[in-house]
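This report describes selected local features of one protein model.

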Amino acid sequence: MSQSAILRLALASLWNRRISALLTILAVAVSVMLFLGVDKLRGSAQSSFEQTIHGTDLIVGARTSPVSLVLFSVFHIGNPSAAVTWETYEWLEGRDDVDWAVPISLGDSHRGYRVIGTTPEFFERYAYRSGQAVSFAEGTAFTDLYDAVIGAKVAAELGYSLDTEMTLAHGTGEVSFMEHDERPFRVTGILETTGTPVDESVFVSVPAIEAIHVGWESGAPSPMAKLFTAEDVRKMDLTPEAVSAVFLGLTDLKRVLLAQRAINTYPQEALVAAIPGQAISEVWQIIGVAGRALLAVSAFVILVGLVSILTSILASLKERRREMAVLRAIGAGPGHILLLLVSEAIFLAAIGAAAGIALVYLASLFAGPMFEARFGLTLAVTPPGMTDLVVFLIVTVLAGLMALLPAILAMRTSLADGLSIKL
């Protein structure tokens, strides 16, 4: 028998057992789809994470680790151990190599969402995902002392709209027993979804942070806090003494290391200047372990799918003893039996892997907009790449190797045993 005849016979045999073959193909397809889907999501998550902030050349804060600085200033995780004085902020803003400077003040919250004190320039300078700018879904940036801009998730979760009145709380807990209820704010702007911590933030002006803390200098409200009305506070000098961090854009990226060195060695105050991209990459190396662990689990799922092929072939051997015997009787040698069973396994694996790859790209095409809107993850729909080809080849080759066991068992089945009748 020729090899082409054996291959046609393998396809015919699979078609004859099409129900069990279809279930085996489905198992392989799902396992491959899970593995490649996890890999694609992990890549998209890493890309989105590393592009949480774009176009900011340096982030300056009080002396700490660059990772800690980026975590609290960009991701709003944790709190600064110290602050940058306003005089230092003015020095940074006035440097010849600094194009723009945006202050960031942290410390308060609203129903569990962080309140960020900054300037209207934040909405012009902050960018993410390859330079995409923050935009307003409704309203405008704050102009009045008691104006607030909220992120998309804040608006959606709390049901806020323009002109909604809100009260800020002292501290960052979800529940606070100390609120600045004597000086309420009004929502003037709602931001578009970005898939970054901006979505979960409330933005007010830096003077507003000072305004709500008039009478709170000790960290708790004093009797004076209730005496000053919101209008009384407007007349005060609300220039802050310090801010939590400063975002900087430089006039020339070639000078970033020189600027970083000058800031780190500033004699008037202990500062650290972090390059956001470097610090975020370090953070991903830590949290990316979870993604790699999930990928490993998905690889074991592929192995389970391949075992289903082995199980299917082994389970069918007893039913196919006469088929093997007839093939031997008409001239098929042991090598032909081996090729037949290995070919069946390869066909099942190849069809299943191809279907799994196709399902991944179909899911990316249809679920991509939902992931981008809900989680800020961009699932790029691109032609199948090297990863897909490698997975396809590995699955196919492993299936062929695993089929050697039942193939060898079938080869050793004697012709007489296959034709004999056992009662």
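Thr52 is buried, with a relative accessible area of 4%; buried means under 20% relative accessible area, exposed over 50%, and partly exposed in between, with a 1.4 Å probe and protein chains only. This residue is found in the loop between α2 (18-50) and β1. Helices (H or I, at least four residues) and strands (E, at least two) are DSSP runs, numbered from the N terminus. Leaving aside residues up to four places away in sequence, Thr52 touches Val74, Phe75, Tyr126, Ala127, Tyr128, Thr196 and Pro197, where contact means heavy atoms within 4.5 Å.

The model is predicted: local features need pLDDT of at least 70 and side-chain atom pairs count only at pLDDT 80 or more, while totals for chains, interfaces and linings use all residues. Residues are numbered from 1 along each chain as its sequence is written, and side-chain values use heavy atoms, with hydrogens and water left out.

**Aromatic pairs**

A pair of aromatic rings is described by the distance of the centres and the angle of the planes. Rings of Phe, Tyr and Trp (its six-membered ring) pair if their centres lie within 6.5 Å; planes under 30 degrees apart count as stacked, over 60 as edge-to-face and the rest as tilted. By this rule the count comes to nine aromatic pairs. Phe123 and Phe142 form one that is edge-to-face, at 5.7 Å centre to centre with 70° between the planes. Phe123 lies in helix α5 (residues 122-125) and Phe142 in the loop between β7 (136-139) and β8 (147-150), so this pair ties together parts that are 19 residues apart in sequence. Both Phe123 and Phe142 are buried.

The rings of Phe123 and Phe203 are also edge-to-face, because their centres are 5.5 Å apart and their planes stand at 75°. With Phe123 in helix α5 and Phe203 in strand β12 (residues 201-205), the pair ties together parts that are 80 residues apart in sequence. Phe203 is buried at a relative accessible area of 1%, and Phe123 is buried at 6%. One aromatic cluster is formed by Phe122, Phe123, Tyr126, Phe136, Phe142 and Phe203.

**Nonpolar cores**

A nonpolar core is a set of buried Ala, Val, Leu, Ile, Met, Phe, Trp, Tyr and Cys residues joined through side-chain atoms within 4.5 Å. The largest one has 33 residues, of which Phe122, Tyr126, Phe203 and Phe247 touch the most other members. The elements that give two or more residues to this core are α3 (66-73), β3 (98-110), α5, β14 (245-250), β15 and α11 (276-317). Apart from it lies another core, of 29 residues, among them Phe35, Val38, Leu306 and Ala407. Contacts of Phe247, not counting residues up to four places away in sequence, include Ile53, Leu58, Trp100, Phe122 and Tyr126.

**Strand β15**

Strand β15 (residues 271-274) points Leu271 and Ala273 one way and Val272 and Ala274 the other way, and all are buried. In a regular strand the side chains alternate between the two faces of the sheet. Strand β1 (residues 58-62) runs antiparallel to β15 and is joined to it by four bridges; two strands pair if DSSP finds at least two bridges between them. The bridge partner of Ala62 in β15 is Leu271.

| α4 (residues 86-93) | Trp86, Thr88, Tyr89, Leu92 | 155° |

The buried residues of α4 fall within an arc of 155°, so they line one face of the helix.

**Loop residues**

Glu200 lies in the loop between β11 (185-191) and β12 and is partly exposed, at 38% relative accessibility. Not counting residues up to four places away in sequence, Glu200 touches Tyr113, Arg114, Lys153 and Val154. Glu200 and Val115 are 85 residues apart in sequence and 9.2 Å apart in space, C-alpha to C-alpha.

Arg111, in the loop between β3 and β4 (113-118), is exposed, with a relative accessible area of 53%. Its phi is near 55°, a positive value in a residue other than glycine.

Technical notes
Arc of directions from axis to C-beta.
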